[in-house]
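Welcome! Let's take a friendly walk through this structure together, with a few questions and answers along the way.

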Amino acid sequence: MPVRAEQLPAHLSRSLAPAYLVAGAEPLLVQECRDQVIKAAQQQGFTERSVFDISGKFDWNLLTEGAAALSLFSSRKIVDVRLPTGRPGTDGSKALLETLEEGDPDVLILVSCGEWSTAQRNSKWARAFAKTGVLVEIWPLKPQQLPQWIRSRMVAAGLKPQPDAIAILADLVEGNLLAAQQEIDKLLMLDRGPEVTAEDVTRAVANSTRFDAFRLVECVLLGHLAECLRVASGLQRIGVAIQPVSGALYRELTLADTVRSALQSGESESAVFSKHRVWPARQAPMQQAVRRLSGRDFEESFRALALIDQQSKGRASGDPWQTLDRLLWQLCEPGTTGLTRVG
């Protein structure tokens with residue numbers, strides 16, 4: 001039976017299936033679903049648990065033997081199988097099916113997978129789990145779904161986030177749900193009451209590498225050259241990979257260029273900001289960038305970012321951090337220095 005992750009708590013409160021398959025590429029949600037199943041099973045007398053971490057050439061006989069062996073001190077057991085690849089192979093599929101077909105009411109089988117696809121869902125062993133027990137599939141959130149996910153998490157934690165706070169946090173974590181939850185936990189520890197502002201978010205994450213990359217982008221939009229160069233130097237000094245930094249710049253410059261084009265075509269500023277989800281806290285920096293940079297400036301910037309990508313992969317000569325410095329200079333003070341041309 002398929003059950004969505006958000007439906008699992010209600011399902012577990014009503015009944016406990018003999019087997020669960022939790023699969024998806026979101027480690028936080030897979031872990032949370034697994035913990036929910038374990039807690040519900042323990043409440044119903046499954047006090048013993050055997051954990052099988054599957055890697056390399058695992059001996060699948062250990063699974064069938066472990067599932068059959070109950071201790072003298074427990075009458076019910078959880079067989080916790082952790083299969084990161086989601087591909088048990090021929091021997092593994094056979095062992096999982098055999099364990100499932102035993103149908104021992106005193107054994108609950110819980111399989112969790114870190115990789116998942118529709119092809120894996122259609123495998124024989126996965127279809128058997130879905131038929132006999134419960135299948136919880138967790139698919140990656142789409143970018144536009146992340147703000148709502150963050151809002152739901154914050155509200156569930158007793159917080160009342162402002163839209164700007166949600167937008168900034170979504171930008172900072174770049175789709176990493178575990179990082180988002182960690183930042184929400186930091187906000188809770190601030191103990192400043194339920195209201196959460198954009199300032200609260202930036203204060204909570206001020207010492208993180210993610211914030212430094214976010215700060216760099218903000219300084220670029222504002223045209224603060226000295227601060228841009230200082231932040232970039234700090235990121236390089238502590239060994240941060242340049243790809244996430246250039247990626248953050250690319251996303252924001254793409255948005256700024258889109259906003260610039262829309263405004264030039266006659267659309268109202270408020271409508272453009274609303275359409276492209278530029279929250280109030282980000283509007284002033286965006287306005288400054290759009291007024292300062294021309295279409296040609298954006299084109300040159302994208303060429304420079306492409307060069308940085310090639311240099312970081314060893315496919316072009318030159319130091320990507322030096323190219324980044326030249327890019328920052330041109331973005332903050334257009335026309336004062338030339339960018340390296342590509343193509």
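Q: What is meant here by a cavity?
A: The model we are looking at is predicted.

Q: What is the volume of the largest cavity?
A: A search of the whole structure turns up one cavity of 30 Å³ or more. The largest cavity has a volume of about 50 Å³.

Q: Which helix and which strand each supply at least two residues of the lining of the largest cavity?
A: The lining includes Leu187, Leu190, Glu195 and Val196. Helix H9 covers residues 177-190, and strand E7 covers 195-196. The helix and strand that each give at least two lining residues are therefore H9 and E7.

Q: How many residues in the lining of the largest cavity are charged?
A: Among the lining residues are Asp191, Arg192, Glu195 and Asp200. Asp, Glu and Arg count as charged, so these residues belong to that class. By class, the lining has four nonpolar residues, one polar residue and, for the class asked about, four charged.

Q: Which residues are closest to the centre of the second largest pocket?
A: This pocket has a volume of about 520 Å³. Helix H2 (27-43), strand E5 (134-138) and helix H7 (146-156) each supply at least two residues of its lining. Of the 21 lining residues, the closest to the centre are Arg4, Ala5, Glu6, Leu29 and Trp149.

Q: Which residues of H7 meet H9?
A: The axes of H7 and H9 come within 11 Å and cross at roughly 35 degrees, and the crossing is right-handed. On the H9 side the partners are Leu177, Ala180, Gln181, Ile184 and Leu187. The residues of the contact divide into eight nonpolar, one polar and one charged. On the H7 side they are Leu146, Trp149, Ile150, Arg153 and Met154.

Q: Is H3 roughly parallel or roughly antiparallel to H4?
A: Helix H3 (residues 61-68) and helix H4 (residues 89-102) pack with their axes 9 Å apart, at an angle of about 15 degrees. Angles under 35 degrees count as roughly parallel. That angle therefore makes H3, relative to H4, roughly parallel.

Q: Which residues of H4 make the contact with H3?
A: H3 passes H4 in a right-handed crossing. From H3, the contact uses Leu63, Thr64 and Ala67. From H4 come Ala95, Leu96, Glu98 and Thr99.

Notes
Residues numbered from 1 in each chain as written. Predicted model: local features only at pLDDT ≥ 70, side-chain atom pairs only at ≥ 80, totals over all residues. Heavy atoms only, no water. Axes fitted to C-alpha atoms, helices over the stretch in contact; angles between N-to-C directions. Helix = DSSP H or I, 4+ residues; strand = E, 2+ residues; numbered from the N terminus. Parallel < 35°, antiparallel > 145°, perpendicular 65-115°, else oblique. Left-handed = near helix turned anticlockwise from the far one by under 90°. Contact = heavy atoms within 4.5 Å. 1 Å grid on protein atoms, 1.4 Å probe; cavity = no way out; pocket = protein on both sides within 12 Å on 5 of 7 lines; lining within 4 Å. Points joined across faces, edges and corners; volume = space filled by probe spheres on them.
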